[in-house]
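The sequence and structure are shown first.

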Amino acid sequence: MLRLPPYRLLEPSSAEEAVQLLADEPGEAMLLAGGTDLVPNMKHGLFEPKTVISLAKVEGLEGVSESEAGLRLGPMTTLADASQNELVLTRAPALAQAAGVVAGPQLRNVGTLGGNLMLDTRCRWYNQTYFWRKGLGYCLKKDGTLCHVVEGGSRCVAAASNDTAPALMTLNASAVFLGSDGEREVAIADLWTTDGIVNKKVGADELLIAIKVPLQAPGHRGAYAKLRRRDSIDFPLFGCAVRLDLDEEGAVSGADLAAVALVARPVRVKGVEELLLGTKPGSEAFDQAVEEVAQLAYKRCRPLDNVPGDAEWRREMVPVYVRRALRAAAE
Amino acid sequence: MAARDIHGPKPPWGEHFQVIGKGHRKVDGLAKATGDAIYADDIVLPGMLHAKTLRSPHAHARIKAIRTDKALALEGVHAVLTGSDLPECYGVIPWTPDENALAVDKVRFIGDEVAAVAAVDEDTANAALELIEVDYEPLHAFLDPKEALGRGEPQIHEGRKDGNVSKHVKLDFGDVEGGFEEAEVIVEGDYSFHGTTHGAIEPHCAVAQYGADGNLTLWSSTQITHYVQREISKVLDIEPQHVRVIQPCLGGAFGGKSDPFSLEFCVSKLAMITGRPVKMLWTREEVFYAHRGRHPAQMHYRTGATRDGRLTAVDAKILLDGGAYSSFGLVTTYYSGQLLTGPYHFPAYRFDSTRVFTNTPPCGPKRGHGSVQPRFAFEIQLDELAEKLELDPIELRRRNFQGESTETINGQRITSNGFLECLDKVEAASDWKERRGKMPFGRGLGVAGSMYITGTNYPIYPNDMPQAGIQLQVDRSGLVTVFTGGNDIGQGSNSVAAYLVAEELGVEISDVRVVAADTDLCPVDLGAYSSRVTFMVGNAVIDACRKLRAQIVDTLAATWECDKKRVRLMRGMALDLEDSERAIPMREAFQLTEAACDTLGATGSYNTPTLGGDYRGGAIGASPAYSFTAHVVEVDVDCETGFIGVKKVWCAHDCGRALNPRLVAGQIEGSVYMGIAEALLEDHKVNRFGLHDGPSLLDYPMPTTLDTPEIEALIVESVDPEGPYGAKEAGEGPLHSSIPALANAVYDAVGLRLTDLPFTPAKVLRALRELESATGV
């Protein structure tokens with residue numbers, strides 16, 4: 001078995017205390033939620049925190065609640081709970097679906113919604129053991145200077161691989177962080193950078209304390225489609241979330257599409273709503289709009305050789321999975 | 001009774017079996033389910049040290065210097081080993097010893113073992129590894145077997161005659177050219193099989209203890225205790241009687257634990273140097289480097305037939321990528337040709353098979369050793385032939401059935417052969433006649449057949465001693481203990497031994513204990529490979545039981561003053577068939593016998609008859625009995641994505657007699673699972689750096705339950721004249737034809753002839769598009 005490097009474990013009981021502990025050791029401390037990403041990455045020598053701050057005893061970070069403004073999801077809500085929660089299933093079906101296809105059942109019982117949103121980017125040349133990476137001369141993202149995805153590349157293109165991120169983007173969700181300077185709310189669509197090394201704009205002392213999903217349109221529909229080799233366990237080779245809002249007539253009054261496992265950040269495909277607006281699922285016009293959206297996504301989404309699987313084939317799968325997600329949402 | 005006596009397939013008592021043929025628990029099932037079972041890594045000894053291995057980051061390099069002083073100086077480090085400490089070469093095949101426990105002058109793949117450290121704990125050992133300095137001179141690395149075949153320099157193993165060729169076998173049987181002249185239809189094509197590995201759930205682990213008395217004890221997760229004992233004795237220069245090798249409970253092997261491995265030598269040597277017990281547990285990554293999995297094979301096949309579908313000749317040319325070491329490669333090369341000559345009659349056959357070395361993790365035996373790749377190519381050719389001849393593929397196979405009690409073109413003796421019944425069963429169960437070729441586009445059925453050995457008469461090192469020995473001890477408490485060298489690797493061989501004793505001596509299964517795979521306590525068995533254990537150990541158990549049974553029956557007949565024929569042992573009781581007053585528990589029967597005869601015990605053994613063709617290599621692949629299999633696979637091809645969905649697999653397997661049908665069905669299901677995994681998901685390969693493509697269970701995608709098709713196991717019992725009660729193997733045969741049956745099903749579904757494994761969706765989609773543009777659909 002791979003060994004976990006030595007670290008100091010702290011178990012704060014409040015969010016404020018956790019933030020203070022983060023601020024005490026900037027860049028040296030990391031947060032432990034479910035641990036399903038942190039622990040393997042520590043074993044692979046990718047994360048080398050001196051201090052691990054467990055969130056297990058922090059009060060108020062779990063559960064889903066509803067108000068007039070919408071849903072508030074605690075980041076420590078497990079992926080299993082998020083995928084089965086009645087409020088999430090009805091108010092934000094794309095999120096429930098995305099949470100329900102992360103990894104496998106055992107990992108979803110431990111892994112959290114916040115952890116998935118804050119997941120490190122992934123790359124076939126990066127998510128490997130120290131020995132393996134050493135044999136390669138390491139890579140841009142960790143310990144080295146070379147990119148093996150784009151030869152000669154100077155920018156890390158490790159892929160955002162969090163299934164829940166595109167779903168949250170289509171829902172116009174936001175993340176609430178607590179830092180030394182207080183609370184900050186940021187739209188999840190604005191959370192990202194295009195740098196695979198660190199793809200999130202989050203301060204070293206910030207703790208994710210809530211995910212807010214605003215109240216959706218009355219005829220809200222959503223779906224998430226995930227490409228992977230196996231029907232369980234695997235990270236996405238491509239993932240896309242869609243939102244379809246239907247008006248009283250059953251015609252599309254709003255729509256959105258976001259995708260993951262392409263580049264360092266989850267990608268929102270712009271111009272989708274315009275194509276679908278006013279069409280009714282079941283009609284020829286809708287089918288044609290779906291096809292146009294699929295082709296638009298095909299143009300915008302260019303998978304790289306960053307995660308396993310043939311990149312060319314993954315690109316061919318973009319329109320297929322976009323169609324499937326749209327049809328599933330319309331059903 | 002002599003070792004070679006055949007006991008016949010009949011029940012030992014009367015018309016019916018009491019134990020055999022019924023579903024029973026495995027003797028170790030509860031212990032495994034509850035966590036009581038002791039695996040190698042569960043062993044903790046007082047003062048035990050932990051060892052780790054330094055591995056090569058180069059695919060091919062000369063070692064110029066190794067400096068270990070800094071590692072040795074680290075607090076908590078007890079010993080550091082390098083190649084010069086264990087210079088003696090070894091290898092499971094005595095003719096090709098080309099491995100060292102630690103690299104002596106060269107490293108031959110990324111992951112090759114270079115040094116080992118024993119320390120107070122694993123973290124300290126790992127830290128010490130970082131302090132070892134190795135100067136390498138990188139050499140040209142061969143990652144492509146074709147390049148290794150064409151280019152002999154630099155040699156991966158220096159001093160060999162033939163560049164980077166590991167083994168070459170070319171054999172001709174019958175009039176091949178005449179056969180092709182006679183042929184009215186010829187199919188010819190290239191087929192490619194990729195590398196796959198075993199993926200046993202338990203990583204390799206070994207623990208060694210060296211006593212002041214000079215005795216070495218090695219607990220190891222091995223499936224070949226006897227060969228490990230021999231190689232340890234040789235490399236460490238200890239007389240074999242002072243080397244005790246014990247296989248604890250094992251978490252799967254599938255052929256991946258049938259070589260002696262570096263860790264076994266290292267912990268032994270480290271225990272001798274430090275005087276403390278030493279354990280080494282490999283990480284999953286290290287298991288991928290140790291590999292010994294299926295050889296990638298590039299194959300060219302030509303098959304001729306008459307208009308009415310009778311085969312006239314088969315010609316094969318095979319290139320096997322052996323990886324960095326020989327392992328079982330000599331046998332693999334023979335098996336790649338020798339095991340194709342059934343269940344069909346070949347009037348003429350030629351194969352030309354070459355194994356080359358490359359700078360990749362070493363290949364070896366994986367479930368269906370050597371014969372899964374050729375079977376893939378040939379069974380697709382049969383499908384192509386059936387299409388050309390406008391024959392139903394099952395009918396074509398029936399027409400070429402070789403029959404039972406026959407001999408193959410390459411001189412292999414076939415005894416029982418239930419292949420026709422296998423075909424009948426899968427045909428009926430899959431509703432073949434109604435559905436094949438008649439389902440909507442995208443859905444299809446495919447068939448394939450195969451055969452496999454039940455052990456081989458080639459004992460790895462030549463000797464005339466039995467292949468399997470058994471010792472029985474009968475206690476006056478009523479307990480019968482079986483001592484067997486056989487390795488239970490999860491297949492249930494210990495359970496089979498218990499079932500056979502219970503049947504023969506009339507005791508309850510729970511009153512039989514099995515002590516297995518401990519070279520100090522158990523008579524030699526050669527190990528769990530080539531699907532030999534149930535057949536050979538089973539026969540040896542019956543042999544021993546018959547001797548004891550005679551003593552017990554004689555004693556009871558004398559005590560009861562009745563004819564011996566009236567004595568019956570069953571269900572824990574000894575009975576007089578004609579006097580219901582006379583019924584005593586077996587405990588009492590044992591005590592009477594012990595009083596009359598002396599302390600009770602018996603030995604039994606099995607050895608193969610002389611088998612095989614009269615030519616060099618004719619004994620390799622010669623088996624006392626062959627198993628036969630037929631698969632029908634149903635697929636649903638997603639033409640938008642290229643994903644092949646396997647809806648259902650029907651597998652009919654002729655296992656001679658199912659000693660425990662539940663275990664046979666388990667072996668069939670496991671084999672099908674593994675075959676489908678190889679066809680669709682798994683791919684053991686290196687990247688452009690020679691580095692393993694992803695040595696983890698995340699990157700090496702074994703199917704989850706959701707990816708596993710529905711499997712219907714259909715048992716065919718041909719009852720072999722020489723197997724224990726007629727049993728043959730069930731552990732490896734049922735894998736073979738699953739892969740070509742799947743390929744043939746894809747052809748039925750979408751008209752795509754897939755010949756290049758694995759069938760990834762990317763590859764399938766590309767091929768579908770090429771097919772569309774070629775046919776203008």
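Val165(B) has Val356(B), in S15(B), as its bridge partner. The model is predicted: local features need pLDDT of at least 70, side-chain atom pairs count only at pLDDT 80 or more, and totals for chains, interfaces and linings use all residues. Residues are numbered from 1 along each chain as its sequence is written, while chains are lettered from A and ligands numbered from 1 in the order in which they are written. Helices (H or I, at least four residues) and strands (E, at least two) are DSSP runs, numbered from the N terminus. Two strands pair if DSSP finds at least two bridges between them.

S7(B) and strand S15 (residues 349–356) of chain B run antiparallel and are joined by eight bridges. They belong to an open sheet of five strands with mixed pairing, in the order S7-S15-S14-S13-S8 (chain B). Strand S7 (165–173) and strand S8 (185–193) of chain B are the edge strands, each pairing on one side only. From one strand to the next the twist averages 5°; axes are lines fitted to C-alpha atoms, for helices over the stretch in contact, and angles run from 0 to 180 degrees between N-to-C directions.

## Helices on this sheet

Helix H9 (residues 329–338) of chain B packs on the sheet and touches S7, strand S13 (297–305), strand S14 (311–321) and S15 of chain B. The direction of H9 of chain B makes about 30° with that of S7(B). Contact here means that the C-beta atoms of two residues, placed from the backbone, lie within 7 Å. Helix H10 (residues 372–389) of chain B lies across S8, S13 and S14 of chain B and runs at about 145° to S8(B).

## The three-stranded sheet of chain B

An open antiparallel sheet has three strands in the order S22-S23-S24 (chain B). Its edge strands, strand S22 (567–570) and strand S24 (579–585) of chain B, each pair on one side only. The twist averages 25° from one strand to the next.

Strand S23 (residues 573–576) of chain B runs antiparallel to S24(B), with four bridges joining them. In this pair Ala574(B) stands opposite Ile584(B). Helix H15 (residues 533–560) of chain B packs on the sheet, where it touches S22, S23 and S24 of chain B, and its direction makes about 130° with that of S22(B).

Strand S27 (residues 644–654) of chain B is largely enclosed by the rest of the structure, because eight of its 11 residues are buried. A residue is buried if 20 or more other C-beta atoms lie within 10 Å of its own, exposed if 12 or fewer, and partly exposed in between, with C-beta atoms placed from the backbone.

Strand S26 (residues 626–637) of chain B pairs with S27(B) in the antiparallel sense over 10 bridges, and Val633(B) stands opposite Val649(B). The two strands, S26(B) and S27(B), form a hairpin with six residues between them. Gly642(B), in the turn, has a positive phi of about 90°. S27(B) also pairs with strand S28 (residues 710–716) of chain B, in the parallel sense over seven bridges; Lys648(B) has Glu710(B) as its bridge partner in S28(B).

## Chain A and its domains

Chain A has 12 helices and 12 strands. Its C-alpha trace spans about 60 × 45 × 35 Å along its principal axes, and 55% of its 331 residues count as buried.

Chain A is divided into domain 1 (1–56), domain 2 (64–118 + 159–214) and domain 3 (220–330); domain bounds come from an automatic or database domain assignment. The C-alpha centres of domain 2 of chain A and domain 3 of chain A are 20 Å apart. Their contact takes 26 residues from domain 2 of chain A and 27 residues from domain 3 of chain A. On the domain 2 side, helix H5 (93–100) and helix H9 (164–170) of chain A are the elements that give two or more residues, and H9(A) gives the most, with five residues.

## Contact between the chains

Between the chains, 25 residues of chain B are in contact with 23 residues of chain A. Helix H3 (122–131) and helix H20 (761–775) of chain B each supply at least two residues of the chain B side.
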